[in-house]
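These are my notebook entries on a structure that I went through piece by piece. I wrote down what I looked up and what I found.

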Amino acid sequence: MLLSRGLLKRHSVLPGFDLALGFALLYISLIVLVPLSAAFLKTFTMTWAAFWDAVTSPRVLASYRLTFGASFAAAALNAVFGLVVAWVLVRYDFPFKRLIDALVDLPFALPTAVAGIALTAIYAENGWIGQFLPFKVSFTPVGVFVALVFIGVPFVVRTVQPVLEDVNRELEEAAATLGASRWQTFSKVILPIVLPALLTGFALAFARALGEYGSVIFIAGNMPMISEITPLLIITKLEQYDIAGATAIAVVMLVISFVLLLLINSLQTWARKRQGGV
Amino acid sequence: MERPNTSRTRRALLLSALLGAGLPTLALAQSVTLLNVSYDVSREFYKDYNKAFLAQWKQGGGGELVINQSHGGSSKQIRSVIDGLAADVVTMNQALDIDMLALRAGMVPADWAKRFPDNAAPTTSVTVLLVRKGNPKAIRDWADVARPGVSVVIPNPKLTGNGRYSYVAAYGAVLKAGGTPAQARERVQQIFANVPVFDGGGRAATTTFVQRNIGDALATFESEVDLIREEFGDVFDVVYPTWTVLAENPVAVVDKVVDKKGTRKQAEAYLKWLWSPEAQEIAAQHGLRPRNAQVLARHAKTFPKVNAFTVDEVFGGWLKAQKEHFDDGALYDQILAANRR
């Protein structure tokens with residue numbers, strides 16, 4: 001319905017719809033679809049049995065669990081604390097606020113390998129933080145989680161921040177005068193407004209974490225069945241010149257990621273609708 | 001003679017004018033460019049080697065020559081060459097990678113290793129063990145890192161040549177000492193049960209051992225030892241196992257590329273000079289064992305005599321070793337699976 005309405009919309013107020021749509025489709029095809037379909041095509045060189053073997057061996061299954069589990073957990077943690085950070089940055093004034101604001105973007109810019117090496121050093125058993133922790137972080141699945149939290153932070157903060165800036169303070173004041181408790185104001189007034197943005201931020205952080213290689217590889221320890229992420233297994237296959245096997249795993253990851261992101265996106269649309277179409 | 005030359009110059013001028021100053025090599029239309037695609041840690045050696053080679057090349061009237069380098073993980077580099085990176089020569093640290101170039105793309109003949117002396121490997125190294133200063137765990141041989149309670153850092157054999165050589169060294173050492181394949185398997189199984197971290201690269205494993213202070217020993221190439229010492233100080237001892245593997249660093253001219261570019265003469269001369277005493281000396285200074293006996297004798301202190309076997313001798317070549325030990329589901333995967341039980 002939505003699609004057909006969009007395609008049939010001929011007389012828009014803005015000119016150049018056809019051209020823009022054509023360009024957008026071409027651009028997405030060239031940049032995203034063509035390389036991805038190359039990956040799909042490569043898997044067609046395998047028999048179905050070989051494909052199934054490649055993507056369901058116990059080691060690969062263990063890596064899906066770690067990759068998707070740790071990515072989900074990291075994105076969830078970032079959704080909670082990213083919201084807090086965004087809230088603080090928007091609502092409060094304090095010294096060095098601009099500096100802190102700029103720091104949020106650092107994980108975007110830092111080469112991931114640098115992040116990985118730094119995190120490994122800090123969380124190793126002789127590291128600044130690692131020596132005080134009762135459990136091991138570097139070279140365990142916990143390390144993977146820590147790295148993914150690090151790279152995901154800016155996605156949540158940067159998507160939620162502008163929405164929070166637009167939230168009308170009068171709404172909160174109105175809620176307060178009407179006798180709402182602080183919790184009610186937060187859960188019934190503010191959260192519904194930021195929820196779509198928060199879900200977007202979550203989805204971005206989650207998607208980024210799924211594909212992350214550079215930083216994780218240093219901190220994970222890469223123990224088979226325990227702390228191997230799926231991208232590592234893809235590289236492992238490539239090292240054995242098993243290009244078809246590598247793309248097979250990549251395709252499975254791609255499909256699962258796509259389905260999950262689609263799900264999160266429709267959740268977000270639902271949240272936006274419920275809120276009354278902002 | 002006059003005409004084609006001037007027209008070529010004019011064309012070059014036109015081209016460089018069109019493309020701007022961004023591609024300075026174009027201005028030297030007559031100069032020949034060679035691309036040496038190599039593995040990661042050979043950067044420093046080839047920097048010095050290229051300088052020395054070019055000096056003698058020009059002295060001998062070889063004409064203008066520019067040598068470009070590309071470094072990276074070895075199998076990634078070979079994949080790039082297969083996919084079209086125009087390498088005139090490849091210089092690797094494992095024959096398997098060049099075998100792949102022959103097998104997958106036919107870019108070098110299958111008998112590439114016979115086209116130069118010494119298995120086409122001008123330099124070698126051996127896999128050694130680094131232990132903590134003073135050797136507190138008394139590690140003298142592969143058997144010692146197989147003991148329970150000892151931990152040894154080995155880079156991931158699935159990802160790194162360094163890791164594969166370490167595995168092969170430990171396995172072959174048992175066979176060389178008269179053991180059976182079953183005993184060899186048990187030995188590597190015990191050793192890999194003692195590996196706390198599987199780093200994705202040789203240098204990353206070094207960092208884990210030296211800086212993270214993880215493991216009682218680190219398996220790595222002898223050629224890395226000086227570099228590690230320069231970087232981190234004299235915080236470890238080097239242990240030469242009774243038997244270890246000779247890591248050969250093979251080189252090959254990429255036929256398909258040089259025939260197209262017309263650079264065969266230069267490419268062959270470039271690789272051949274690796275065996276010259278001067279080049280062997282440069283290699284020795286970079287921690288690579290020279291093939292030249294006199295140069296080796298001069299550096300006897302750096303390169304003590306070791307009992308080293310080749311992969312060809314014990315495993316029947318890298319292709320076979322890869323298939324029987326490192327492919328998915330092969331012996332290495334089996335011992336890891338057995339260790340988890």
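This is a predicted model: local features need pLDDT of at least 70, side-chain atom pairs count only at pLDDT 80 or more; totals for chains, interfaces and linings use all residues.

Which residues of H8(B) are buried? I found that the buried residues of H8(B) are B:Gly202, B:Ala204, B:Ala205, B:Thr206, B:Thr207, B:Thr208, B:Phe209 and B:Val210. Helix H8 of chain B runs over residues 202-210, and because eight of its nine residues are buried, I noted it as largely enclosed by the rest of the structure. To apply the word "buried" I used the cut-off of 20 or more other C-beta atoms within 10 Å of a residue's own.

Next I looked up what covers the buried residues of H8(B), and I found that the cover includes helix H11 (216-219) of chain A. From chain B, the cover includes strand E4 (123-132), strand E5 (152-153) and strand E6 (217-221), together with helix H6 (161-176) and helix H9 (225-232).

I then turned to the domains of chain B. Domain 1 takes in 2-123 + 249-298, while domain 2 takes in 124-247 + 304-340. The centres of these two domains of chain B, taken over C-alpha atoms, are separated by 31 Å. I saw that 12 residues from domain 1 of chain B and 12 residues from domain 2 of chain B take part in the contact. On the domain 1 side, helix H4 (residues 95-105) of chain B gives the most, with three residues. I also sorted that side of domain 1 of chain B by class, which gave four nonpolar, six polar and two charged residues.

My last entry concerns the domains of chain A, which are domain 1 (1-44) and domain 2 (47-275). Their centres, again taken over C-alpha atoms, are 28 Å apart. The contact takes five residues from domain 1 of chain A and eight residues from domain 2 of chain A.

Key
Residues are numbered from 1 along each chain as its sequence is written. Chains are lettered from A and ligands numbered from 1 in the order in which they are written. Domain bounds come from an automatic or database domain assignment. Two residues are in contact if their C-beta atoms, placed from the backbone, lie within 7 Å. Helices (H or I, at least four residues) and strands (E, at least two) are DSSP runs, numbered from the N terminus. Ala, Val, Leu, Ile, Met, Phe, Trp, Tyr, Cys and Pro count as nonpolar, Asp, Glu, Lys and Arg as charged, and the others, Gly among them, as polar. A residue is buried if 20 or more other C-beta atoms lie within 10 Å of its own, exposed if 12 or fewer, and partly exposed in between; C-beta atoms are placed from the backbone.
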